Amino acid sequence: MMMKILRSSIVLVMVLLLAGCGSNSSVSSDGVKKCTRTGTVTNGSTEMNYEVYYKGEYVVLLHSTEKIISDSSSVLDTYEEAYKNIFKQYEGLEYYDNKITRNSNSVTNEITINYEKIDMGKLLDIEGEENNVIENGKVKLDTWLSFAKKYGVTCED
């Protein structure tokens with residue numbers, strides 16, 4: 001059971017690193033990449049969607065929606081609790097918005113990070129610099145896309 005929770009936490013951390021965007025999303029951008037990933041979890045499945053807004057070669061806003069689908073309430077309980085515990089670290093960090101929604105057969109986690117306005121120092125204090133897509137206080141689009149591809153995320157051209 002502990003290994004399942006650990007694996008779930010690793011998936012959540014990976015999603016956090018890929019995620020970003022916020023309700024504070026008054027950002028001008030040159031374009032948007034839409035990306036997806038699907039997968040399975042014990043007694044369930046996942047649907048992950050990312051909208052990556054960029055200006056030039058840098059990501060300015062990231063909106064992530066991760067949905068865990070299962071008929072098992074214990075699976076949903078595990079993910080809902082894991083999301084809540086992870087996002088306690090981000091409480092009070094402006095321009096990093098998180099919303100968790102639960103219904104009878106799913107838990108949906110939405111993250112919005114405004115990379116133009118967020119305090120990158122505080123974000124890195126929470127996430128750490130190792131294996132992070134932030135370089136010199138910014139997120140390069142190519143770096144984010146390469147990182148995401150490594151974890152099975154595909155993006156529209």
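**Entry 1: strand E5 and its partners.** I looked up the pairing of strand E3 (residues 58–69) with E5 and found nine bridges in the antiparallel sense. The model I am reading is a predicted one. I recorded E4 and E5 as a hairpin, with two residues between the strands.

**Entry 2: burial in E5 and Asn-114.** I checked the cover of E5 and found that eight of its nine residues are buried. I next examined Asn-114, which belongs to E5 (residues 106–114). Asn-114 counts as buried because its relative accessibility is 0%, the cut-off for burial being under 20%.

**Entry 3: strand E1 and its partners.** I traced strand E1 (residues 31–41) against strand E2 (residues 44–55) and recorded 11 bridges, antiparallel. Within this pairing, Gly-39 has Thr-46 in E2 as its bridge partner. E1 and E2 make a hairpin with two residues between them, and I noted that Asn-43 in the turn has a positive phi of about 60°. I then looked up strand E8 (residues 154–155), which is joined to E1 by two bridges and runs antiparallel to E1. In this pairing I found Thr-36 opposite Thr-154 of E8.

Conventions
Residues numbered from 1 in each chain as written. Predicted model: local features only at pLDDT ≥ 70, side-chain atom pairs only at ≥ 80, totals over all residues. Heavy atoms only, no water. Helix = DSSP H or I, 4+ residues; strand = E, 2+ residues; numbered from the N terminus. Buried < 20%, exposed > 50% of the residue type's maximum accessible area, 1.4 Å probe, protein only. Pairing = 2+ DSSP bridges.
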